[in-house]
Amino acid sequence: MVYITEEMVRGRAEHNECEIFSLEEVSLHQQDIERIEHIGRWCRDLRILYLQNNLIPRIGCESLQKLDLTVNFVGRLSSVESLQHNIHLAELFLVGNPCTEFKGYRQYVVASLPQLKFLDGAQISRSERIQASQGLEEGRRKVLEQEREYLQRRAREKEEAHRKAAGEEKGNKERRPGSDGRWYTDINNTVPMLEENKENQEVEENKKKMNSDLDEEQREREFWHTPCSFTPESRLEAHRHLEEKKRAKEKEKEKKPKAPRTLITADGRVMNVNEPKLDFSLTEDEENNTIILDLGVYRHMDTSLMDVDIQPTYARVSVKGKIFQIVLPAEVKPDSSTAQRSQTTGHLVVSMPRAEGEIKVTRPPRRSQTRNSSLSEDNKRDNSAPQRLEVDPSKSTAIDLANIVTKHPSTRQGPLETSRTDPPPTSGPSSSSEGFVDDSDVPPLI
C-alpha cells in the first residue's frame, strides 16, 4: 500500500522551491496511492489537488477548490458527503471511477454538494440542482444499495486474485530446479567429458536458451492480451510485472558491462570519436594562421555540461559525458586556443592558432653525377640576382636577315641606308658609248 508522504509532496513542489506549507497546487498522479491523508495538515493553503490514475477507493479532503480523482477506484459514492464541509470546493472530477456507473450518480453528487459548480467538467445549472435536491433521499437509498453490491463484488475479486497469486507462486516453485532456485550437481558422479560431449552439451544449452526465450515471449504476450477486469489488483499486477522486467533489464546490463572506449591506441595513435553524434566542421584560416572547429552542440544546453581539452595534435570535447575527439591537420598552441558559444546557433567554436616553427618534412635536393667547373662560379653568385644562360654566338644557327646580301666595299649607301649592289655583268657588248662619263651624283638606272 502506497501512502502520501511528506517527501512525496515535497518532491512535487519544485515550482514552490520545495516548500509545502504554502503550496496551493500539487499533482500526485500515477503514484498507486490508496488513501488521502495528512496532506491537509501539511499544506494548509492547498487549493488544487490532482490524483489521477491512482488506487483511491474513497473521497476525503478539506480546504480544496478543485479535486481531480480521474481513473481511480472510488466505489463508495457516499464518501462524497465528507466534502460538504469544504465550502470552497467548486470543481470535482470522478471520470473513470466505478461510482460513475451507478444509477443516479450525478443527481446524488449534485444534491450532496450544494457548493459544487462543475462536476466532471460540466457546469451545474440551477434547475438541475433544484431537481436533484428534491429526489435526494430516494437517490441516497439507491446509491447505498449499489454500493453494497459493489463491495460484495470487490470481495470476490480480491479472493480470486489471492488464489491466482498463490497458484502462480506455487508454479514458480515447481519450475525451479531446487528449493532455493539453484542447480545442484553430484560431484561424486562427475566424469571427464570428451570434446564431442562438450559440443553436444553446448548445443543443448543453446536450444534450452532459445526455448526459454520463446516461452518468455509467449508468457509476455499472454499477460498483456488476456482480458481481465479493471480492478486495483489487476493494476497492481501490471505494475509488479513492469517492475520485474525493469529489474531483469538492469541485471542484464550489469552482467554485460560496456566495452571501454578507446581514445588513444596502445601505439599512441589518436582515434577520431563522435559519441554524441554531433555535426561539426574543421576549417583552416590561412589569414590568421588558425584552425577552427565548429561543433554543433544543442542550442539550449548549459555550457557547464561541456568540457574542452586541446592538445597539440588533437582536440577533445566532452558533452554530457560523451566524448568528441578529432585529430588536427597541424600542430597548434593549446595555451592560446579559445572556446566560445555562438549567440545565434549555440554552436561551440574553438579557435586554435598554429604552432610557430612547425617541423615539416622536406626532401633533400638531388645531386648531379657530373660536376663542371662552372658550378663553383654559379654558387658564388648571389641567389637573389637573376641567372641567365650564356650563348656562344659562333654556334648560333639563326639566319641574319640583314646580311643576306653581301655588301660591296665601293658602294655607298643612300639616305635610306639601303644596300646597293653592282649590276650583274652583261654577257654581251657594253651598252655605254665611248664618250660616257659616270657621274657619282646621279643614281644609276635600274
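Hi everyone, and thanks for coming. One thing before we start: what you see on the screen is a predicted model.

Let's begin with the overall picture. The protein chain has eight helices and 16 strands. How much of the chain is buried? Of its 446 residues, 25% are buried. There is also a number for how the chain folds back on itself. Take the contacts in the protein chain with a separation of 6 or more: 46% of them involve residues 24 or more positions apart.

Which strands form the open sheet, and in what order? Six strands take part, in the order 2-4-5-6-7-8, and their pairing is mixed. At the edges sit strand 2, residues 25-27, and strand 8, residues 122-123, and each of them pairs on one side only. Let's look at one edge in detail. Strand 2 runs parallel to strand 4, residues 48-50, and three bridges join the two. If you want to find this pairing on your screen, look for Val 26, whose bridge partner in strand 4 is Leu 49.

Next, a pair of helices. Helix 3 covers residues 105-112 and helix 4 covers residues 126-134. A helix pair like this gets two numbers: packed helices are described by the angle between their axes and the distance between the axes. Here the angle is about 95°, and the axes are 8 Å apart. Angles from 65 to 115 degrees count as roughly perpendicular, and therefore helix 3 and helix 4 are roughly perpendicular to each other. Who makes the contact? From helix 3 we have Arg 106, Gln 107, Val 110 and Ala 111, and from helix 4 we have Glu 128, Arg 129, Ala 132 and Ser 133. By type, the residues of this contact divide into three nonpolar, two polar and three charged.

Let's stay with helix 3 for a moment. Is helix 3 mostly covered or mostly open? Mostly covered: six of its eight residues are buried. Those buried residues are Tyr 105, Tyr 108, Val 109, Val 110, Ala 111 and Ser 112. Notice that Val 110 and Ala 111 are buried, and that they are also part of the contact with helix 4.

Now we move along the chain to another group of strands. Strand 10 and strand 11 pair in the antiparallel sense over six bridges. They form a hairpin with four residues between them, and in the turn Asn 289 has a positive phi of about 55°. Strand 11 also pairs with strand 16, again in the antiparallel sense and over six bridges. And strand 16 pairs with strand 15 as well, antiparallel, this time over four bridges.

You can walk across these strands residue by residue. Start at Leu 282, whose bridge partner in strand 11 is Leu 293. From Leu 293, step to its bridge partner in strand 16, Val 350. And standing opposite Val 350 is Ala 339.

Which residues does Tyr 298 touch, leaving aside its neighbours within four places in sequence? They are Pro 276, Leu 278, Arg 341 and Gly 346. Tyr 298 itself is found in the loop between strand 11 and strand 12. Its relative accessible area is 47%, which makes it partly exposed. Along the chain, Tyr 298 and His 347 are 49 residues apart, and their C-alpha atoms are separated by 7.1 Å.

Last stop: aromatic rings. How many aromatic pairs does a search of the whole structure find? One. The partners are Phe 280 and Phe 324, at 5.1 Å centre to centre with 65° between the planes, and the pair is edge-to-face. Phe 280 belongs to strand 10 and Phe 324 to strand 14, 44 residues apart, and the pair links distant parts of the chain.

Key. Residues numbered from 1 in each chain as written. Predicted model: local features only at pLDDT ≥ 70, side-chain atom pairs only at ≥ 80, totals over all residues. Heavy atoms only, no water. Phe/Tyr/Trp six-rings, centres within 6.5 Å; stacked < 30°, edge-to-face > 60°. Pairing = 2+ DSSP bridges. Axes fitted to C-alpha atoms, helices over the stretch in contact; angles between N-to-C directions. Parallel < 35°, antiparallel > 145°, perpendicular 65-115°, else oblique. Contact = heavy atoms within 4.5 Å. Nonpolar A, V, L, I, M, F, W, Y, C, P; charged D, E, K, R; others polar. Buried < 20%, exposed > 50% of the residue type's maximum accessible area, 1.4 Å probe, protein only.
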